[in-house]
Each structure stands twice: as structure tokens, then as C-alpha cells.
Amino acid sequence: MSITLEKKSGLVALGEVVEYRAHYLNTSKIKLTNATIKMVLPSEMTYVSSNRGIYDESNNTVVANLDTVGAGMSDDLIVKVKVKDSASVNKSAVISTYISYDALDSKGSPIRDENTAYIVSTIAAAQDEAKNNTEVTKTDVKTSNERSFLPNTVLEWLAIIALILVLIVLGRS
């Protein structure tokens with residue numbers, strides 16, 4: 001599952017409305033279950049609206065339960081926010097989005113996984129200043145069906161260690 005985050009419209013300046021788009025895509029060949037997408041807003045921004053999900057004011061997040069995401073399926077979470085008039089100018093504001101889901105491993109057991117993307121913006125005092133600001137976007141893309149070279153469980157590590165010990169013993173004989 002991949003996720004990207006982009007500023008769709010607006011300028012990150014005091015009192016301005018900004019729209020963010022989190023796009024997710026199931027890049028695997030299997031359906032993913034119990035999928036949830038969450039956008040975390042910085043304290044310098046207030047929630048205005050979103051195309052889906054529920055806003056939680058206590059932790060300034062928008063969460064949408066996606067349930068099952070079929071292979072190759074994609075969609076968006078679009079959130080509008082307003083930069084607070086009281087926000088500190090030149091402060092970095094980080095907007096993060098997470099997508100978590102269950103995939104099945106080779107034995108059919110569910111594995112919980114999560115991918116992240118974020119944008120770092122500098123808050124400007126006025127629109128003219130905001131036009132000159134650069135934003136840093138980071139996407140951490142990985143999928144459950146992309147296994148790493150190293151073992152992922154204690155049992156896999158124990159099997160590797162046992163194999164190494166056997167090779168050492170055989171090498172000495």
C-alpha cells in the first residue's frame with residue numbers, strides 16, 4: 001500500500017485555508033483489510049472540512065475507516081484546514097498522514113502494517129511570503145508483500161541462527 005500527501009490548494013499563511021490530499025493505492029496483488037487512514041493536523045491549524053472520515057478535536061486528527069481495499073484500488077482523503085491567526089510566523093508545521101491495514105503472510109496469518117507521508121510547511125505572515133516558501137514532502141512507501149532481506153520475526157531469527165550454527169559445525173568437520 002502506498003500513500004502520498006500533497007497540498008492541493010491554498011497558501012500556508014496566517015488566516016488562510018489550505019486543502020491537503022492524501023492519496024492511497026493498494027500496490028499489492030491481494031486485498032487488504034481493516035484499513036484506516038488518518039491525517040494528523042498541527043496545533044497551528046484548525047479543521048474546516050473533509051470528504052470523509054470523522055474529525056477528533058481532542059487530538060486534531062481526521063480518521064476514516066476504509067475496511068477492505070482491493071488489489072489495485074485507490075482513493076483520497078481530502079482535508080481543508082485554516083491556519084490560525086495566532087500561529088507563530090516562520091514556524092514549521094507538519095501535516096502527517098498514516099494508512100494502516102492488515103495483510104496476510106505466507107501462512108495466512110494477518111500482519112498489521114502502516115505507511116506514512118508528511119509535509120513540512122513554514123507558516124508565513126501573508127500570502128506574498130507564503131508563495132516564496134518551499135515545502136518538504138516525505139513519503140515512506142512500503143508494502144506488506146515486499147519482504148525485507150532480514151527476518152521479521154523471532155522465529156525467523158532463531159531459524160537463521162540455527163542454520164549458521166549448523167554451517168559452523170559442518171565447516172569444522
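1. Two strands are taken to pair if DSSP finds at least two bridges between them. In this predicted model, β4 and β7 meet that criterion, being joined in the antiparallel sense over five bridges. Within this pairing, lysine 80 of β7 is the bridge partner of serine 49.

2. The β4-β7 pair belongs to an open sheet of four strands, ordered β1-β2-β7-β4 and paired antiparallel. The edges are formed by β1 and β4 (45-50); each has a single partner strand, so one side of each is left without a neighbour in the sheet. From one strand to the next, the twist averages 30°.

3. The largest nonpolar core comprises 31 residues. Leu5, Tyr20, Ile37, Met39, Met45 and Leu66 are the residues with the most contacts inside this core. At least two core residues come from each of β1 (2-9), β2 (17-25), β3 (32-40), β6 (61-69), β7 (74-83), β8 (92-104) and β9 (110-122). The greatest contribution is that of β8, which gives five residues.

4. Asparagine 26 deserves a separate comment. This residue is located in the loop between β2 and β3. Its relative accessibility is 1%, so asparagine 26 counts as buried, the cut-off being under 20%.

5. Leaving aside residues up to four places away in sequence, asparagine 26 touches Met1, Lys31, Leu32, Val69, Gly70, Ala71, Gly72 and Met73.

Definitions and conventions. Residues numbered from 1 in each chain as written. Predicted model: local features only at pLDDT ≥ 70, side-chain atom pairs only at ≥ 80, totals over all residues. Heavy atoms only, no water. Core = buried A, V, L, I, M, F, W, Y, C linked by side-chain atoms within 4.5 Å. Buried < 20%, exposed > 50% of the residue type's maximum accessible area, 1.4 Å probe, protein only. Axes fitted to C-alpha atoms, helices over the stretch in contact; angles between N-to-C directions. Contact = heavy atoms within 4.5 Å.
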